[in-house]
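Hi there,

Here is the structure I promised to pass on.

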Amino acid sequence: MTDRVYPSSKQPTNGTAPTTTSAAAAANPSFPATKSQLYGASRPLYRPQTKRHRYRRSCCCSCCLWTTILILVLILLVAIAGAILYVLYRPHRPTFTVSSLKVSTLNVTSASKVITNIHLNVTAKNPNKKLVYIYDPITISLITNDEIDIGEGSLGSFVHGNKNTTLLKAAITSSNRQELDEASAGKLRSGLKSKKGLPLKIKLDTKVKAKMGALKTPKVGIRVVCEGIKATAPKGKSATIASTSNAKCKVDLRLKIWKWTL
């Protein structure tokens, strides 16, 4: 019985000899891939990280710490300087009183316009022995307790010497002839007819700085509000004198960040 030889199913092409088993394994890798194939060649080399970010972070922390310490030291120095100045000069606030308020004209027209001609005297006192106040020009507003504008005036700048009393005189008028709404005009007419008088308030707005020897403070805004004034409308050509016996004035420091009532 003769032996039959069957040729291989894959014939070599181009006359090349069949490849070896190791070459076929290299061309066709095993599946699934081994761990060495997954993590061996594709894994990046380990490189130690630099400490630049840690150095920058420590620099920022140091700058913040020294800045905070510097601010605290400056605040402490300012507080110490203020305490020394207070002990040396013992500063006291200026005081204001309404000496007189003479009403020459105060009425409301049929067109609800206010006509005002009032003469105001205010006394300012500086009780300090070593402190001088320097005032900018002062604006004056005369209003009712219902916040109805009656008139306006002004005072010039002046230097308020130590242990000095100054009499300030101003004219309050309504030259712009402000027109009121019906409700405000009605309240003003009824107040002028009242036997008790029309309650009024005076507001003085200005800026002031203090001088202590060669040292001058920055300017700060102040507002003086005087209440307790009662005025009556004049009859005929004779002026009337408003009642100021119960008038009291309060001084407010008007700063940009906060307001401190003296």
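Below is what I found in it, from the overall make-up down to single side chains.

First, the ground rules: this is a predicted model, so local features need pLDDT of at least 70 and side-chain atom pairs count only at pLDDT 80 or more, while totals for chains, interfaces and linings use all residues. Residues are numbered from 1 along each chain as its sequence is written, and side-chain values use heavy atoms, with hydrogens and water left out.

**Overall make-up.** The protein has four helices and 13 strands (DSSP runs numbered from the N terminus: helices are H or I with at least four residues, strands are E with at least two). Of its 262 residues, 28% are buried (under 20% relative accessible area; exposed is over 50% and partly exposed is in between, with a 1.4 Å probe and protein chains only).

**The core.** The largest nonpolar core contains 43 residues (a core is a set of buried Ala, Val, Leu, Ile, Met, Phe, Trp, Tyr and Cys residues joined through side-chain atoms within 4.5 Å). Strand 8 gives the largest share of this core, seven residues. Leu 120 is among the residues with the most contacts inside the core. Leaving aside neighbours within four places in sequence, its contacts (heavy atoms within 4.5 Å) include Leu 101, Ile 140 and Ile 202.

**Charged pairs.** There are four salt bridges in the structure (a side-chain nitrogen of Lys or Arg within 4 Å of a carboxyl oxygen of Asp or Glu).

- Lys 219 and Asp 136 pair up at 3.2 Å, N to O.
- Glu 147 pairs with Lys 201, with the closest N and O atoms 2.9 Å apart. Glu 147 lies in the loop between strand 4 and strand 5 and Lys 201 in strand 8, so this pair ties together parts 54 residues apart in sequence.
- Asp 205 meets Arg 223 at 2.6 Å between the closest N and O atoms. The pair links strand 8 to strand 10.

**One for you to look at.** Which side chain of opposite charge is nearest to Lys 203? It is Glu 147, 4.0 Å away, yet Lys 203 is buried and has no salt bridge (Lys and Arg count as positive, Asp and Glu as negative; His and the chain ends are not counted). Lys 203 lies in strand 8 and also touches Arg 223, among others.

Best wishes
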